[in-house]
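The following note is intended for a colleague meeting this structure for the first time. Please read the numbered points alongside the model shown here.

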Amino acid sequence: MNTDSAAITAESNNPHSALRTPQFVMDGHQDALYYASIYGGTQRFDSGWEGAQLDLPSLRAGGVTAAFWAIFGAGEVRPAHDPAACAAEVDTLLAGYHAWIDGNPDYRLIKDTADLEALAAEPPAAGQPLGVLLHCEGARGIAGLDHLAVLHAAGLRSVGLTWNEANAYATGAHGNPATGLTPAGRDLVRTLNALHMAVDAAHLNRQGLWDLLDVATAPVLVTHTGCAALYAHPRNIADDQIQAVAATGGLIGIFMVNSFLAPAGVAVTLETVLAHYDHLLDLVGPNHLALGTDYGGVSSGLPAGLETARDLPRLVNAFAAHGYSDTTIAALCGGNYRRVLATILG
């Protein structure tokens, strides 16, 4: 592979490069509703504004076909857990997504493989709708299996078992390292598999991920993480677990969060992101790599040159300049999600 960082940077920034973003691009994690609520609402998100980390024009400019859009409630970060309030918050945020997406020609909800394939089959066009797969980031607001069934009926198709701390189902990356999934968490995973919903292991602690891998019967996703071998942050995944996730047929996405990709004080660039992808590629090959930017949810700095969703073609060009084949790039950018979600969603 080309390791000349100057050449990679020049090629990634070359507006005349012959490379084009693959036809199908899927991002495994974006905080769209959260970001829209901070910066003026969903109508402003749709019209866009200069410098936005995430908005509809930047997604189109970035060539994104589809994305996991997160439900992230304040209950995930409140010290005191109020189960009823957390569940009501998830319901409200899910309804907020429907109020935004339903009947809006700019978006199309992904509920099953047929929805995904219909999007993938459409040739790129200026007004192509963005596919949205709804994801609950942290299960604190899921009030049991009956509530999960209601959420599924309302279009939810992916669940992360926890955020950074512990809940009734699992322990997060900043929680007690000795605890993993609870019995309720194991039942939740079994039910998610039975409902053909994706299970996202991002934010789980190490024991929780082992417990998830022990019970899961479908491919496991780790949608937005980094490689612990390159930077031993609690949010990053170790080599043995990368290989174990791949053994399920699952995928790992690398996020655009400086504080997780390198130690404080180290400049984070395109080359930093490439190093994490290189590590995954060396460990498990191209069929288990994915995008997982975390755009819309990043407040601690993004890699230089990748500050917004419209910058994703720079990453694609950097992959090519770095020596990734067209086949590997197409798989990483969305083909792998297309294949794996066909297994999960049914």
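Which residues does alanine 143 touch, not counting residues up to four places away in sequence? The reply is given in point 2, after a word on the basis of the note.

1. Basis of the note. This is a predicted model, in which local features need pLDDT of at least 70 and side-chain atom pairs count only at pLDDT 80 or more, while totals for chains, interfaces and linings use all residues. Residues are numbered from 1 along each chain as its sequence is written, and side-chain values use heavy atoms, with hydrogens and water left out.

2. Alanine 143. With residues up to four places away in sequence set aside, alanine 143 touches Ala87 and Tyr169; contact here means heavy atoms within 4.5 Å. Alanine 143 belongs to the loop between strand S4 (130-137) and helix H7 (145-153). Its relative accessible area is 52%, so alanine 143 is exposed. The scale counts under 20% relative accessible area as buried, over 50% as exposed and values in between as partly exposed (1.4 Å probe, protein chains only). Alanine 88 is 55 residues from alanine 143 along the chain, and their C-alpha atoms are separated by 9.4 Å.

3. Overall form. The protein contains 14 helices and nine strands. These elements are DSSP runs numbered from the N terminus: helices are H or I with at least four residues, and strands are E with at least two. Along the principal axes, the C-alpha trace spans about 55 × 45 × 35 Å.

4. Of the 346 residues, 57% are buried. Among contacts with a separation of 6 or more, 71% join residues 24 or more positions apart.

5. Nonpolar cores. Which residues have the most contacts inside the largest nonpolar core? They are Phe45, Trp69, Trp100, Leu161, Leu212 and Tyr277, in a core of 89 residues. Helix H12 (residues 270-284) supplies the largest share of this core, with seven residues. Apart from it lies another core, of 18 residues, including Phe24, Ile110, Ala120 and Tyr337. A nonpolar core is a set of buried Ala, Val, Leu, Ile, Met, Phe, Trp, Tyr and Cys residues joined through side-chain atoms within 4.5 Å. Tryptophan 100 touches Ala32, Leu33, Ala36, Thr42, Phe45, Asp46, Trp69 and Tyr107, not counting residues up to four places away in sequence.

6. Threonine 225. This residue lies in strand S7 (residues 221-225). Threonine 225 counts as buried because its relative accessibility is 1%. Beyond its neighbours within four places in sequence, threonine 225 is in contact with Arg235, Asn236, Ile237, Ile252, Gly253, Ile254 and Phe255.

7. Two histidines with positive phi. Most residues other than glycine have a negative phi. Histidine 196, in the loop between helix H8 (183-194) and strand S6 (198-200), has a positive phi near 60°. Phi is also positive, near 85°, at histidine 203, which is found in the loop between S6 and helix H9 (206-215). Are these histidines buried or exposed? Histidine 196 counts as partly exposed, at 38% relative accessibility, whereas histidine 203 counts as buried, at 7%.
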